[in-house]
Amino acid sequence: MTPVKHNAGWVIAVSFVVALMLTLMPLPEWARIIRPQWVTMVLIYWCMALPGRIGVGWGWGMGLLLDVVNGSVLGQHALSLTLIAYVVTMLYQRLRLFPQSQQAILVALFIFMQLLISLWIKGATDAAPHRWSYWLTAISTALLWPWIFMLLRDLRRRFQVT
Amino acid sequence: MVLSLVIMFMDHRQHHLETIRSGLSILIYPLQYVVNIPSRVTQWADTSISTHNTLVDENRALKAKLFEQETRLLKFASLESENQRLRELLQSASRGWERVQIAELLSVDLDPFRRQMILNKGSNDGLFEGQPLLDAHGVMGQVIRVTPFNSTAMLITDPSHAIPVQVNRNGLRAIALGTGAANELDIPHIPNNADIVVGDLLISSGMGQRFPPDYPVAEIVSIERDPREPFAKITARPTARLEQAREVLLVWPQQRAEAAPQAATAPQAATTPQAAAATLPAAALKPVAPQPVAAPKPAAAPQPAAAPHPVTRGVNP
């Protein structure tokens, strides 16, 4: 097997940095609850588009950074993002064929999985939030998915990221 | 996966990974800085574009306030020395000056279901874990994580935070738990027949050895007494402006401030408050500290030990 030549890796890095910044961005109180999971979304996209390049390792690393950013227990997001990256790299061929509405539903499912894992970990380590609004990010992320998908796809084509 | 489980365990149980976390947070720091820029720009624009008239008005209001506060301080000095003398008579430990410093909040959002925030000062400025945090109206929270350049603070409304308090009117002791809601504290384990009413001021009792005593913490807003339940359901609202603050006051408890070498002169000087105030900049000696502010205790001025009815509520405007 010939080694695949990677190029324009900085586009991937920049997209992750922007996602982290959006995660940190101050928002009014009502919007904080529905803040989409930017990093997860970007990770899902790159795992789907370039499964040979972005995978479980990136998921773990970005999860660790997200833990530091969020101030959560080190490893909480690392665990959930690793799982998501694994599932997406397993299913990327099917995911690519889905229409965008169906993709969005799957993204909501992924985010739900992430939130569930986070909830368990928070419950085991310290106080878990017990409010229904905790799950709203799954919906907001799914609603934003088509736009993010198109944006990142255009970026990938423009800069020919492989 | 196994690695992340191991990491989680190590982080939560043994705190081995603080070095990794602080290393990574230095990596994150530029991001936080960049995200913070818009709000700093708007702040700057706000001050530099405002008109002459508003500035004059603000200046006048501030001067009036300063005058009022200074008049109150006149009494504070004599009360302070009286308190000191009485304490010497009783041979109890003195509560001298505490070293304080102002830190700014970075406008950066963390987990919306926790109540935490990032400060722009870190271990380079002498911050330490567990350090209490105040604003002009009361206790805000404590520092939970320190890196060289910035630190994370937990507010008293965080669901995993608890602060020992007492009712200012009668000294009834309680614990105020955070709920995760923006402006709500829960006071559990108060019997139905306890002497506590809506509007009571809760002050920090200093029992946990972490928060300095006698600072206002919260005000009781509702009490539900259900005869079937052993305890009343009490909620309180923090007096500190937790969601609006841009600057916070960091407090170094006296032992910590004195633990530093040059502060050895502070105790005997502290018998006269003026002298103590004069030596304060020398006592507040961490080299990086830009302006050790000799701010008085914001609200609850210490009463003479034997005052029958401490009316701190009147002092807090």
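Contact here means heavy atoms within 4.5 Å. The model is predicted: local features need pLDDT of at least 70, side-chain atom pairs count only at pLDDT 80 or more, and totals for chains, interfaces and linings use all residues. Residues are numbered from 1 along each chain as its sequence is written, chains are lettered from A and ligands numbered from 1 in the order in which they are written, and side-chain values use heavy atoms, with hydrogens and water left out.

**View 1. The interface between chain A and chain B.** On the chain A side 38 residues are in contact with 33 residues of chain B. The two chains bury about 3,200 Å² between them, with 67% of that area from carbon and sulfur atoms; buried area is the accessible area (1.4 Å probe) that two parts lose on being put together, summed over both. In chain A, the residues that lose the most area to chain B are L24(A), R32(A) and L74(A), together 21% of what that side buries. Zero salt bridges are counted between chain A and chain B, a salt bridge being a side-chain nitrogen of Lys or Arg within 4 Å of a carboxyl oxygen of Asp or Glu.

**View 2. Helix 1 of chain A against helix 3 of chain A.** Helices (H or I, at least four residues) and strands (E, at least two) are DSSP runs, numbered from the N terminus. The axes of helix 1 (residues 9-24) and helix 3 (residues 38-49) of chain A come within 8 Å and cross at roughly 160°. Helix 1 of chain A is therefore roughly antiparallel to helix 3 of chain A. Axes are lines fitted to C-alpha atoms, for helices over the stretch in contact, and angles run from 0 to 180 degrees between N-to-C directions; those under 35 degrees count as roughly parallel, over 145 as roughly antiparallel, 65 to 115 as roughly perpendicular and the rest as oblique. Ala, Val, Leu, Ile, Met, Phe, Trp, Tyr, Cys and Pro count as nonpolar, Asp, Glu, Lys and Arg as charged, and the others, Gly among them, as polar.

**View 3. Helix 4 of chain A against helix 5 of chain A.** Helix 4 (residues 56-70) and helix 5 (residues 76-97) of chain A pack at an angle of about 150°, with their axes 7 Å apart. The two helices are therefore roughly antiparallel to each other. The residues of their contact divide into nine nonpolar, six polar and one charged.

**View 4. Helix 1 of chain A against helix 4 of chain A.** Here the axes come within 11 Å and cross at roughly 30°, so helix 1 and helix 4 of chain A are roughly parallel to each other. I12(A), F16(A), L20(A), T23(A) and L24(A) of helix 1 make the contact with W58(A), M62(A), L65(A), L66(A) and V69(A) of helix 4.

**View 5. A salt bridge in chain B.** The side chains of R169(B) and D195(B) form a salt bridge (3.3 Å, N to O). R169(B) lies in the loop between strand 6 (162-167) and strand 7 (173-178) of chain B, and D195(B) in the loop between strand 8 (185-191) and strand 9 (201-204) of chain B, 26 residues apart.
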